[in-house]
Every structure is written in structure tokens, then in C-alpha cells.
Amino acid sequence: MTTAPDDSQNCIVAVTLDEESIGRSGPDIEHERAIAIYDLVEKNLFAPEGAGEGPFTLHIGITGNRLMFDIRREDGTPVVAHLLSLTPFRRIVKDYFMICDSYYQAIRTATPDKIEAIDMGRRGIHDEGSRTLQERLSGKVRIDFETARRLFTLISVLHWKG
């Protein structure tokens, strides 16, 4: 019989964004980024393969067409850096923004049934992005689905132009 791993220390305790590659945006976008980071740090499972126990910090940047995850220990000691192609996320993020726009327009004038239908579609696209992120991190970093959802939210906000 195997026992489940103790993941109490396998978490992200801080997230920073690389200002050189991501840049700063207007106050609305910075606020959304701060909320996405807060939600991610508040509750997550994040276990880089072969790194032992955390906690970890995550520095996110963009290098060319790749998303960089620079993972460090809480004291700043480097653990590993992973580069993920942004290509698999482009269509999903684009679709997600389109349906979010539809959702925010609908909540002003549409019927509850229509709002619920659009919201279900929005959650479906968000789930697709989360699953894609889990697949892209498979074998590199073990994350649960809820952490993947929070990370996908952050990745989406990084692409938001306001």
C-alpha cells in the first residue's frame, strides 16, 4: 500500500513578474494581476519534480515566444527554470477574452438563462486552458487542477491589454 505524498510544504509562497519582459500596465490591469497572484499564493499545490520539498517562489517572465517559470526556494536559491511555449495558449486566451467580453455585456441586459449559458462556456474555456497548462507542466512540476486554474488566470491576465 502506498501513501499519498505530504504536500504541506509543496506550494508557492510568492510570485513576481519580470518587469523587463512583461512590463507594467495601467492600474486596472495591475489590479487584476495582483488579484490573480493573491489567489494563487493563497492556496496551491506546486511541486517541481526532483526538487524535494518547498516552499517555492515563482518568477514569471516572457522570453521570445516562451513563458519562463523561474522556480526558487523561499530563500532565493535557484531550483529550476522551465520555458513553456505560448503557442498552445494563444487561441485559448483569445477565446477566453472573447467570451469574457460576451459575459460582461450579457450581465447588463441578457436573461439569466443566457448569462448562465455564457458563463458555462467561459468556465469550459478556462478549464481547457488549465488542462493545457497541466499537460505542458507534466513531468516538470506537479500541480493540481485548482492550481492550474489559478496559474491560467494569471497567464491570461498577463495577456490582457485592458
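Is Thr-57 buried or exposed? In this predicted model, Thr-57 is buried, because its relative accessible area of 19% falls under the 20% cut-off. The residue belongs to strand 3, which covers residues 56-63. Leaving aside residues up to four places away in sequence, Thr-57 is in contact with Val-13 and Ala-14, and also with Asp-70, Ile-71, Arg-72, Arg-73 and Glu-74.

The protein chain as a whole contains four helices and six strands. Read from the N terminus, these elements follow the order β-α-β-β-β-β-α-α-β-α. The radius of gyration is close to the value from the globule rule, so the chain is as compact as a globular protein of that length. Overall values for the chain are listed below.

| Property of the protein chain | Value |
|---|---|
| Radius of gyration | 17 Å |
| Span of the C-alpha trace along the principal axes | about 50 × 45 × 25 Å |
| Buried share of the 162 residues | 41% |

Of the contacts between residues at least 6 apart in sequence, 60% join residues at least 24 apart.

The packing of two helices can also be described. Helix 2 (residues 87-109) and helix 3 (residues 112-137) have axes that come within 9 Å and cross at roughly 160°. That angle makes helix 2 roughly antiparallel to helix 3, and their crossing is left-handed. Helix 2 contributes residues including Phe-89, Ile-92, Tyr-96 and Ile-99 to the contact, while those of helix 3 include Ile-118, Arg-122, Ile-125 and Leu-133. By class, the residues of this contact comprise 13 nonpolar, five polar and six charged.

Methods
Residues are numbered from 1 along each chain as its sequence is written. This is a predicted model: local features need pLDDT of at least 70, side-chain atom pairs count only at pLDDT 80 or more; totals for chains, interfaces and linings use all residues. Side-chain values use heavy atoms; hydrogens and water are left out. Buried means under 20% relative accessible area, exposed over 50%, partly exposed in between (1.4 Å probe, protein chains only). Contact means heavy atoms within 4.5 Å. Axes are lines fitted to C-alpha atoms, for helices over the stretch in contact, and angles run from 0 to 180 degrees between N-to-C directions. Angles under 35 degrees count as roughly parallel, over 145 as roughly antiparallel, 65 to 115 as roughly perpendicular and the rest as oblique. A crossing is left-handed if the near helix is turned anticlockwise from the far one by less than a right angle, and right-handed if clockwise. Ala, Val, Leu, Ile, Met, Phe, Trp, Tyr, Cys and Pro count as nonpolar, Asp, Glu, Lys and Arg as charged, and the others, Gly among them, as polar. The radius of gyration is taken over C-alpha atoms; the globule rule is 2.2 Å times the number of residues to the power 0.38.
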